[in-house]
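Subject: Structure handover

Hello,

I am passing on the structure we spoke of. Please have it open while you go through the notes under it.

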Amino acid sequence: IFSQSKPCEVVTLDLNDSITDLLVMLRSLIDEDINIEDRLGAGVCEIEGDRGRVEQVITNLIINSSDALPQGGDILISTETVSGKRASGKGEEVSGEYVCLTIEDSGIGMDAETVEHIFEPFFTTKSPNGTGLGLSVVYGILKDMNGWIDVKSTPGVGTTFSVYLPKSKGGAKIDKPRRYAGLKEPAGGHGRRVLLVEDDMWVRKSTSMALAENGYTVFEAGAANEAVSLFRKESGRFDIVISDVVMPGIDGLEMMEVLLGIDPGVSVLFYSGHIDDKERIDSIVKRGLPFLHKPYEIADLLHAVDDCISLEKE
């Protein structure tokens with residue numbers, strides 16, 4: 001089983017529906033002392049883009065806002081349709097109609113110097129254990145969609161991200177939201193035991209929730225050494241190990257060598273979003289190991305897990 005990176009599928013989607021869909025999942029993952037309020041604009045907020053990448057943008061910005069609220073607080077998510085009279089982030093006037101997504105938090109805020117650099121690759125204000133996809137990724141996705149992002153922030157007051165995306169002109173096919181909470185196919189878990197290894201807490205929790213909702217018993221590990229200890233503690237009694245490839249310290253491939261030394265028959269599924277990490281990915285492919293490329297849809301993950309386990313039993 002090997003999944004190449006899926007090409008972008010440009011569809012017409014309602015941004016309000018996508019936000020509502022994602023909040024079902026994100027509200028269950030974010031700390032209870034953080035209140036998320038949505039004020040989604042009335043009327044049509046349709047844009048054209050790849051659903052997975054649009055969801056990356058929304059999820060990343062909400063996660064960044066929640067990270068800025070270590071003592072709790074509020075996040076406000078709003079949408080509206082705006083015309084070209086609104087200026088772009090570079091001070092240039094733009095024409096046409098846009099859908100504006102605003103995510104505002106009451107968090108710790110950022111100073112002017114930090115704001116100036118936040119969209120640069122590898123720039124972070126977080127610890128090595130921080131979360132999020134990186135705002136440079138958000139910037140790149142929006143640029144590809146002919147959109148842009150503005151940010152205003154004041155230390156001790158909070159931060160506001162405003163995303164502008166061209167309103168759909170009706171040229172692409174209409175795509176409906178997946179409704180994460182109702183996703184029940186394929187329901188192949190049946191109590192099968194999964195060891196999920198992922199250093200990003202948000203990715204780990206959301207993936208674990210999706211697997212659990214579909215009948216799997218999930219054991220989580222935030223690092224390779226933690227996974228090895230858990231694997232030994234459970235005497236290798238897992239139907240499958242699902243692991244990110246790139247992690248701090250010991251990476252997924254090195255970890256798997258250890259696990260295979262304990263149980264040569266263990267089933268494994270790797271995934272990664274690092275498309276430039278050719279050496280590791282080539283190594284996975286040459287060994288015939290199952291692999292998924294992020295971003296993937298939950299249904300892709302569920303099918304891949306089911307296929308891996310079924311293949312192991314043949």
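The notes below cover helix packing and then the cysteines.

Please keep in mind that this is a predicted model.

Helix packing

Two packed helices are described by the angle between their axes and the distance between the axes.

The pair α6 and α7 covers residues 224–233 and residues 252–262 respectively. Their axes are 10 Å apart, and the angle between them is about 10°. Angles under 35 degrees count as roughly parallel, so α6 and α7 are roughly parallel to each other. On the α6 side the contact is formed by A224, A227, V228, F231 and R232, and on the α7 side by M255, V258, L259 and I262. Sorted by class, these are 8 nonpolar residues, no polar ones and 1 charged residue.

Helix α1 (residues 15–29) packs on helix α5 (residues 201–213) at about 115°, and here the axes are 10 Å apart. The two are therefore roughly perpendicular. The crossing of α1 past α5 is right-handed. From α1, the residues M25, S28 and L29 take part, and they meet W202, K205, S206 and M209 of α5. This contact has 4 nonpolar, 2 polar and 1 charged residues.

Helix α2, residues 51–67, packs against helix α4, residues 135–144. The angle is about 145° and the axes are 10 Å apart. In this pair α2 passes α4 in a left-handed crossing. The α2 side supplies R53, Q56, V57, N60, L61 and N64, while α4 supplies L135, V137, V138, I141 and L142. Of the residues in this contact, 7 are nonpolar, 3 are polar and 1 is charged.

Cysteines

How many disulfides does a search of the whole structure find? The search gives 0. A disulfide is a covalent bond between the sulfur atoms of two cysteines. For C100, the closest cysteine sulfur belongs to C45 and lies 9.7 Å away, which is too far for a bond; the cut-off used for a disulfide is 2.5 Å between the sulfur atoms.

Are C100 and C308 buried or exposed? C100 has a relative accessibility of 1% and so counts as buried. C308 is buried as well, with a relative accessible area of 3%. The cut-off for buried is under 20% relative accessible area.

That is the end of the notes.

Regards

Definitions and conventions: Residues are numbered from 1 along each chain as its sequence is written. This is a predicted model: local features need pLDDT of at least 70, side-chain atom pairs count only at pLDDT 80 or more; totals for chains, interfaces and linings use all residues. Side-chain values use heavy atoms; hydrogens and water are left out. Axes are lines fitted to C-alpha atoms, for helices over the stretch in contact, and angles run from 0 to 180 degrees between N-to-C directions. Helices (H or I, at least four residues) and strands (E, at least two) are DSSP runs, numbered from the N terminus. Angles under 35 degrees count as roughly parallel, over 145 as roughly antiparallel, 65 to 115 as roughly perpendicular and the rest as oblique. Contact means heavy atoms within 4.5 Å. Ala, Val, Leu, Ile, Met, Phe, Trp, Tyr, Cys and Pro count as nonpolar, Asp, Glu, Lys and Arg as charged, and the others, Gly among them, as polar. A crossing is left-handed if the near helix is turned anticlockwise from the far one by less than a right angle, and right-handed if clockwise. Buried means under 20% relative accessible area, exposed over 50%, partly exposed in between (1.4 Å probe, protein chains only).
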